[in-house]
Amino acid sequence: MKNTDLLSLIAFAKNKNQKAQTQLINLFWVDVFSFVMKKVQDEYVADELTVSVFSKVLAKLDLFDPNFQFKTWILTIAQNSIIDYWRKKSRENEDSTDNFDGFKNHLALSPEELLISEEDQKQILAIIESLDSNYKDIIQLRFFEEKSIKEIAEEQNITVANTKVRIMRAKKLLAELLKHNEFED
């Protein structure tokens, strides 16, 4: 694709044109996924990170400087996401004994505390149920049934690229709804 065509596609995507955003994702998905896969060596994690990278890319398109290569900018975001992933994983490994203590303490929770967490879970499930059926189905298949993107695409009779976009949008929408309902990470 010519640089001028790419820049106009980016401009449309900045203006929240969904077709332009999807086309941008499709153009660079393989590059980003391959880059991430080399670093993490796990297809599921690479999928999740790639979706996260494109979510960041679309959210930060205003920060892109047209004097630089777009692909380089995206891969820089991917590299930073990978670094964040490994830092988080490292912290999880350091805290693994702490997690065990937390698990033991969970067994000692009062009935009131258990009820509160059950209520939170019910609220989250209610928010998921309130989503558009396309997003609700995608969340159900991906996160509850843990199906691969390819399996979801086949089951929903949509393209793999469309599946990736729907997952990204569903996660973004769900995050906003959870944040609005005070379920922040």
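Author: The buried residues of α9 (160–180) are Thr 163, Lys 164, Val 165, Arg 166, Ile 167, Met 168, Ala 170, Leu 174 and Leu 178. Buried means under 20% relative accessible area, exposed over 50% and partly exposed in between, with a 1.4 Å probe and protein chains only. Helices are DSSP runs of H or I with at least four residues, numbered from the N terminus. This is a predicted model, in which local features need pLDDT of at least 70, side-chain atom pairs count only at pLDDT 80 or more, and totals for chains, interfaces and linings use all residues. Residues are numbered from 1 along each chain as its sequence is written, and side-chain values use heavy atoms, with hydrogens and water left out.

The expected span of a helix is 1.5 Å times one less than its number of residues. For the 21 residues of α9 that gives 30 Å, and the end C-alpha atoms are 30 Å apart, which agrees.

Asn 157 lies in the loop between α8 (149–156) and α9. Asn 157 has a positive phi of about 60 degrees although it is not a glycine, and is exposed at 70% relative accessible area. Most residues other than glycine have a negative phi.

The largest nonpolar core has 45 residues; such a core is a set of buried Ala, Val, Leu, Ile, Met, Phe, Trp, Tyr and Cys residues joined through side-chain atoms within 4.5 Å. Helix α9 is among the helices that each supply at least two residues of this core, while α2 gives the largest share, 9 residues.
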